[in-house]
Amino acid sequence: MNPRPAAAAATAAALTLTLTLTLTACSSSSTATDTSASGHGSGVTVSHIHGLGLDPSDQRLYVATHEGIYTPDAKGKPTLVGDSKDDFMGFTVAGKKTFYASGHPTSGGNKGLIKSTDAGRTWTSLSLSGESDFHALEYAHGTVYGYDSTNGLLRTSEDGTTWKDGAALKALDITVSPQDSGLLLATTGEGVARSTDGGKTFTAGRQPVMAFLSWPAQDELYGIDTAGGLHRSSDGGSTWKKQSTVAGGQPQALTAVSAQHVLAATQSGVYESKDGGRTFTRRLDVEASGGH
């Protein structure tokens with residue numbers, strides 16, 4: 001009897017279950033007060049990471065969390081950006097000091113789409129306030145691509161105020177081809193789903209199961225699985241090659257800044273690679289948490 005098919009099936013089932021649990025946890029906001037990131041300076045610790053990005057104007061790292069956006073100093077100590085300690089869910093850097101985000105205000109509800117043009121110090125509400133919570137956001141080809149977790153929809157907008165509704169699906173993350181505005185990938189419990197029509201329709205998910213994706217260059221697509229394994233694809237996700245395993249277990253976010261420059265957050269830290277994901281160094285400590 002050959003045990004390999006059974007072992008492979010068990011592994012796939014475990015990955016699917018992990019992603020399903022992650023999707024469930026991220027689908028609701030916490031009513032408890034998390035004090036793990038409750039101030040400025042050396043006493044601050046960070047947890048519940050939902051997004052990562054580098055500002056191209058100064059290469060500063062920004063970390064979107066359950067209680068505000070933080071940036072580490074040269075010694076890796078996090079400082080709260082601005083005064084907001086809202087729950088930032090979807091987060092993406094669109095350009096110099098320009099960010100898009102979503103999530104939940106501390107008072108409860110949904111933020112819809114918000115925008116900052118001063119590197120996260122202040123924010124302007126653009127649309128869907130109180131209606132939508134985007135758990136994944138991408139800005140590419142002059143368009144905002146968002147996964148609206150409240151309504152289970154892929155949505156797109158060219159101005160951030162008017163939206164086109166796309167496919168209904170249950171996803172954790174999305175990414176957009178840097179060469180083709182119509183080619184999108186989404187992570188689901190069954191595997192990576194593909195759209196070739198700008199998100200109007202998606203194929204069924206295809207193994208392997210990934211938690212997060214990032215696509216910085218035409219032939220350089222990155223995915224991180226639910227155990228922290230970092231994978232790389234040069235053919236748009238048709239085939240994958242494992243590069244390494246990021247320390248810290250279950251991932252919380254992934255952003256590839258360029259073909260060789262990768263940022264990943266896990267339950268123990270924010271890690272950075274400058275060699276295409278083969279090796280990582282820790283940029284920021286993260287407090288492990290079972291929350292969302």
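1. Let's start at Pro208, which sits in the loop between strand 15 and strand 16 (212-217). Strands here are DSSP runs of E with at least two residues, helices are runs of H or I with at least four, and both are numbered from the N terminus. The peptide bond joining Gln207 and Pro208 is cis, with omega at about 5°. In general, most peptide bonds are trans.

2. Some ground rules. This is a predicted model, in which local features need pLDDT of at least 70 and side-chain atom pairs count only at pLDDT 80 or more, while totals for chains, interfaces and linings use all residues. Residues are numbered from 1 along each chain as its sequence is written, and side-chain values use heavy atoms, with hydrogens and water left out.

3. Of its 292 residues, 53% are buried (buried is under 20% relative accessible area, exposed over 50%, partly exposed in between; 1.4 Å probe, protein chains only). The accessible surface comes to about 12,500 Å², with 49% of it belonging to carbon and sulfur atoms (Shrake-Rupley method, 1.4 Å probe; for residues, only the protein chains shown count as cover). Take the contacts (heavy atoms within 4.5 Å) with a separation of 6 or more: residues 24 or more positions apart account for 39% of them.

4. If you click on Ala265, leave aside residues up to four places away in sequence; what remains in touch with Ala265 is Ile49, Leu52, Pro251, Gln252, Ala253 and Val270. As background, nonpolar side chains tend to be buried together in soluble globular proteins.

5. Strand 9 (134-140) deserves a look. Six of its seven residues are buried, and six bridges join strand 9 to strand 10 (143-148) in an antiparallel run. Strands count as paired if DSSP finds at least two bridges between them. Ala136 has Tyr147 as its bridge partner in strand 10. Strands 9 and 10 form a hairpin with two residues between them, and His141 in the turn has a positive phi of about 55°.

6. Next, an open sheet of three strands, ordered 13-14-15 with antiparallel pairing. Strand 13 (173-176) and strand 15 (191-195) are at the edges, each with a single partner strand, so one side of each has no neighbour in the sheet. The twist averages 25° from one strand to the next (axes are lines fitted to C-alpha atoms, for helices over the stretch in contact; angles run from 0 to 180 degrees between N-to-C directions). Five bridges join strand 14 (184-188) to strand 15, and Thr188 has Gly191 in strand 15 as its bridge partner.

7. Aromatics: there are five pairs, counting rings of Phe, Tyr and Trp (its six-membered ring) with centres within 6.5 Å, where planes under 30 degrees apart are stacked, over 60 edge-to-face and the rest tilted. Tyr100 and Tyr139 are stacked, at 5.6 Å centre to centre and 25° between the planes. Tyr100 lies in strand 6 (98-104) and Tyr139 in strand 9, so this pair ties together parts that are 39 residues apart in sequence.

8. Most residues other than glycine have a negative phi. His48, however, has a positive phi near 55°; His48 is in the loop between helix 1 (4-26) and strand 1 and is buried, at 9% relative accessible area. Lys97 also has a positive phi, about 60°, without being a glycine. Lys97 belongs to the loop between strand 5 (87-95) and strand 6 and is partly exposed, at 32% relative accessibility.
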